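Student: I have a protein model open and I'd like to learn how to read it. Could you walk me through some of the features?

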Amino acid sequence: IGFCLNRMLRGAIRLLCTMDKYNKFTTIAVSSPSPFVYHVELNRPDKLNAMNKAFWAEIPACFDEIATDPDCRTVVISARGKHFTAGLDLNSVGNVIAGTGEDAARKAMSIRPTILAFQDTFTAIERCAKPVIAAIHSACIGGGVDMTSACDIRMCSQDAWFCVKEVEIGLAADVGTLQRFPKVIGNDSLARELCYTARKFGAEEAKQIGFVSRVCADKEATVNEALELAKLIASKSPVAVQGTKVNMVYARDHNVPDALQFQATWNQGMLQTEDIVRAMQAAMTKKPPTFSKL
């Protein structure tokens, strides 16, 4: 018993030390509610979790860190406060995206790196091989649709509503919605309607069109279901799960023959993993498998 307690204590201390590197963030809060599951919460509730300048830097920094963190296998994104997010914080980033200089071409060139950096903020979520589950409640506006479109799985509360808001503020969405959202819902006509009009759509419509896979009673239920799903995914082989995500993202953007070639190249190495033997042994003994950190 003493050995087991010491082992558990050492594990808890290691996890606390691991989580320390995520305490530097000001717009998000990162925790680990269960083994191999990380919970990333948008943390500007007094500002409706509007996406300020710090947010655009912290999300990619966080997910690039998570991507190589062996203590994480699955991530849940949710938000503190009344709303999931009000989208872009124009008061904070207005000057950043305005560009500099009088010549139009030079001003345009000065704006481009900022747009690319903002795009990478949510691409970092997709680039991270760990599955990311979005648990959405109440308002999810503008950049919130961009961000959740980059997640692997989305679920929401009954009071959730969504809006591709950008056309109402005079611009085309430029950080992922126009590229990912149509592929997520698989309905080009409806995607264009929602993006051209900035029409709100609620939880039930979001489920009907395939943007979310579950509608839960309220925020608490949504987060709890997301965390339970994350625990289930985290119990699987990390080699298998992360390989599945990488290949599904690749297949989305390539034709079938190219994607099959990519899959064959991937698996010619990954089929040599010890996880296959461990999974088969667990199935035969009817015991939960244990997989090494990746």
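Tutor: Happy to. Keep in mind that this is a predicted model. Let's begin with strand E4, residues 132-136, which is mostly covered: five of its five residues are buried.

Student: How do I think about the two sides of a strand?

Tutor: The general idea is that in a regular strand the side chains alternate between the two faces of the sheet. Now look at E4: Val 132, Ala 134 and Ile 136 sit on one side, Ile 133 and Ala 135 on the other, and all are buried, so both faces are covered.

Student: Which strands pair with E4, and in what sense?

Tutor: Strand E3 (residues 72-79) pairs with E4 in the parallel sense, over three bridges. Strand E6 (residues 153-157) also runs parallel to E4, joined to it by four bridges.

Student: What is the strand order in the open sheet of three strands?

Tutor: The order is E5-E7-E8, and the pairing is mixed. E5 (139-141) and E8 (201-202) are the edge strands, each pairing on one side only. Strand E7 (residues 161-163) pairs with E8 in the antiparallel sense over two bridges. One spot to look at is Phe 162, whose bridge partner in E8 is Phe 201.

Student: Now helices. How should I describe two that pack together?

Tutor: Two packed helices are described by the angle between their axes and the distance between the axes. Take helix H6 (residues 177-185) and helix H7 (residues 188-197): their axes come within 9 Å and cross at roughly 140 degrees.

Student: Why do H6 and H7 count as oblique?

Tutor: Roughly antiparallel needs an angle over 145 degrees and roughly perpendicular means 65 to 115. Since H6 and H7 cross at roughly 140 degrees, they are oblique to each other. Their crossing is right-handed.

Student: What about a helix by itself, say H11?

Tutor: Check its length and its ends. H11 (residues 256-270) has 15 residues and spans 20 Å from first C-alpha to last, close to the 21 Å expected at 1.5 Å a residue.

Student: Last one: is Ser 149 buried or exposed?

Tutor: Ser 149, in helix H5 (residues 143-149), has 3% relative accessibility, so Ser 149 counts as buried; the cut-off is under 20%. Its side chain reaches the backbone oxygen of Val 145 at 2.7 Å.

Conventions. Residues numbered from 1 in each chain as written. Predicted model: local features only at pLDDT ≥ 70, side-chain atom pairs only at ≥ 80, totals over all residues. Heavy atoms only, no water. Expected span 1.5 Å × (residues − 1). Buried < 20%, exposed > 50% of the residue type's maximum accessible area, 1.4 Å probe, protein only. Pairing = 2+ DSSP bridges. Axes fitted to C-alpha atoms, helices over the stretch in contact; angles between N-to-C directions. Parallel < 35°, antiparallel > 145°, perpendicular 65-115°, else oblique. Left-handed = near helix turned anticlockwise from the far one by under 90°. Polar contact = N/O pair within 3.5 Å; in protein donor to acceptor, adjacent residues only side chain to side chain.
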